Amino acid sequence: MIEIFANPQELARGAAEYLVARSAEAVAQKGFFTVALSGGSTPKALYQLLADSFQTQVPWSRTHFFWSDERHVPPDHPDSNYRMAHEAMLSHVPVPETNIHRVRSENPNATEAASEYEQTLLQLTRQTLPQLDLILLGLGPDGHTASIFPGSEVLHETQLLVAAPWVEKFNTYRITMTLPLLNNGASVLFLVSGAEKAEIVKKVIEGPKQYPAQAVQPTHGQLLWMLDKDAAVALSGGHE
Ligand code: 6PG
């Protein structure tokens, strides 16, 4: 499913409403809500909105936060996805520290950080294949999502739930949820904004399968694309 919004502010609002609805459902069903946050710049407006005008609608004390991927940097580093979410949202809302499950990306051994994160997910969900209630994802200009990049060996991962691929173009490791975990999500939401993404959005949504983002096909869950008008501009009609 694809939803198109007039501008980035409306996109963030649409995503906030969606998250609130998913959280209410999950808390009603099982008493808690699990969400994986995406990194990069696009979700920042959503996080700020959740901490601001949506603050009273999010069940913070029953919400467990994870990250769909993380950069291999300490949590206070400017590139840290945890830091971005902390500054934009988590430091402004009444969420218990014990509900914030960040990647221990300060560990110099990225593979160790990844397997530790997998254990955290398994212990908290008590599921051999955790089903997160909502997984937020972005889309890179090369068609990557989370930290699953074109040509990466992690594209073919079938056992690990969290991996630490080497990303040549950034000359660094990343820690990322893998496709088996992403595709087990109850709801997977791609959030994409801006004209610079229009071409890749068209290729990923309408084109032949060749990009990592296209491999995100939830087995049982819902797949939703939320785009602003600029990011959707190249799509052929029929998506409104
Ligand atoms: C990351 C992300 C990555 C991101 C895309 C889009 O750690 O960088 O998780 O997958 O979502 O690169 O990034 P922008 O939103 O900044 O365009």
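The axes of α1 (residues 8–30) and α2 (residues 44–51) come within 9 Å and cross at roughly 60°. The contact (heavy atoms within 4.5 Å) is made by Ala12, Arg13, Ala15, Ala16 and Leu19 of α1 together with Ala45, Leu46, Leu49 and Leu50 of α2. By class, eight of these residues are nonpolar, none is polar and one is charged.

The model is predicted, with local features requiring pLDDT of at least 70 and side-chain atom pairs pLDDT 80 or more, whereas totals for chains, interfaces and linings use all residues. Residues are numbered from 1 along each chain as its sequence is written, and side-chain values use heavy atoms, without hydrogens or water.

Asparagine 99 is located in the loop between α3 (81–88) and α4 (110–125). With a relative accessible area of 6%, asparagine 99 is buried (under 20%; exposed is over 50%, partly exposed in between, with a 1.4 Å probe and protein chains only). A polar atom of the asparagine 99 side chain lies 2.9 Å from the backbone oxygen of threonine 63. Apart from neighbours within four places in sequence, asparagine 99 contacts Trp60, Ser61, Arg62, Thr63, His64 and Phe65.

Proline 208 occupies the loop between α6 (198–206) and β10 (222–228) and is exposed, at 60% relative accessibility. Residues up to four places away in sequence not counted, proline 208 touches Lys203 and Gln214. Its C-alpha atom is separated by 24 Å from that of methionine 177, 31 residues apart along the chain.

Notes. Axes are lines fitted to C-alpha atoms, for helices over the stretch in contact, and angles run from 0 to 180 degrees between N-to-C directions. Helices (H or I, at least four residues) and strands (E, at least two) are DSSP runs, numbered from the N terminus. Ala, Val, Leu, Ile, Met, Phe, Trp, Tyr, Cys and Pro count as nonpolar, Asp, Glu, Lys and Arg as charged, and the others, Gly among them, as polar. A polar contact is a pair of N or O atoms within 3.5 Å; within protein, one must be able to donate a hydrogen and the other to accept it, and residues adjacent in sequence count only if both atoms are side-chain atoms.
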